[in-house]
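Visitor: I'd like to learn how to read the inside of a protein model. Could you walk me through one?

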Amino acid sequence: MTSPPDNTVAGQAAHMTELVLVTGMSGGGKSIAMHALEDAGFFCVDNLPPELLPHFLKLEQESGSRRRVAIAVDVRSAGSLPQLLLHIKEMRLQGVALRSIFLDADYDTLLRRFSETRRPHPLRAGVDDSDTHRALQEAIALERELLTPLRMESTVIDSSQLRPAQLRAWVRDLVRVSGSSLTLVFQSFAFKHGVPSDADFVFDVRVLPNPYYDRELRPLTGRDQPVADYLEQQPEVRLMLSQIGAFIAQWLPSFGSDQRSYLTVAIGCTGGQHRSVYLVETLAKQFAYHGQVLKRHRELDAR
């Protein structure tokens, strides 16, 4: 006896190799992310209305292509976002290889990007533009409010301090790992450039001895062996590593069983060059057994 066709979104998506949803704030870098995915071999669809998602997935199932698909959804589909959230939860419960990526940036960065490009914000349509700056501020605030539930269901990338090449690389790294289990992300950063908003945990290691004050170590980074040798000799560094590692090891299984797709641990120092980089490199090695581990160096990768 032939089983009836599965007409649910999850049932249709289960026949696909991989599905990536790209969303986020206007000006956050969605176009760059979609270009990166296209270069990585994904079939990309921009601004697909959420109500058409079941029909699109049905067509993919019937075609039998089993291609990797990336779909961009933004605030222009605000009225259908609750429906999209239901689709995402349904697919994840069914074990679909789905990854939702949310491109974000801080308020000042979004304002600057819109000012530089002079493109209108999608939520400014029909709004009195007598005060352009205020209208843009209000549009960004409204967009963030509307997209907050979707952000909570997604892997967040804060593009505020990222060059386009960095963002492309980070997106490619995310889709290289399987979406079926939790991905552990270690990220170094400089406090002087701001705390990354995509971090789940932030550790401040500015209290540790700083190789910057050693003339020979100053031009090097935490990836270089002389810096690593110097930091490994410091009891405070060993203690900090031990405590951070124990904390993550204690709670990682709980986050994994909570159906999360990622956990970002950000480690910051003053310049994002020595101490934070060394700790990220070391912790990534310690947790290599986890399998799904990524490491990022926000300041170093921007050079």
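Predicted model: local features only at pLDDT ≥ 70, side-chain atom pairs only at ≥ 80, totals over all residues.

Visitor: Which residues have the most contacts inside the largest nonpolar core?

Guide: In soluble globular proteins, nonpolar side chains tend to be buried together. A nonpolar core here is a set of buried Ala, Val, Leu, Ile, Met, Phe, Trp, Tyr and Cys residues joined through side-chain atoms within 4.5 Å; buried means under 20% relative accessible area, exposed over 50%, partly exposed in between (1.4 Å probe, protein chains only). The largest one has 29 residues, with Leu19, Leu53, Phe56, Ile71, Leu84, Met91 and Leu98 making the most contacts inside it. Another core, of 27 residues, lies apart from it and includes Val237 and Leu263.

Visitor: Is helix H10 largely enclosed or open?

Guide: Helices (H or I, at least four residues) and strands (E, at least two) are DSSP runs, numbered from the N terminus. H10 covers residues 275-286, and 10 of its 12 residues are buried, so the rest of the structure largely encloses it. Among the buried ones are Tyr278 and Glu281.

Visitor: And is glycine 291 buried or exposed?

Guide: Glycine 291 sits in the loop between H10 and E9 and counts as exposed, at 53% relative accessibility. Its C-alpha is 8.7 Å from that of leucine 184, 107 residues away along the chain.

Notes:
Residues numbered from 1 in each chain as written. Heavy atoms only, no water. Expected span 1.5 Å × (residues − 1).
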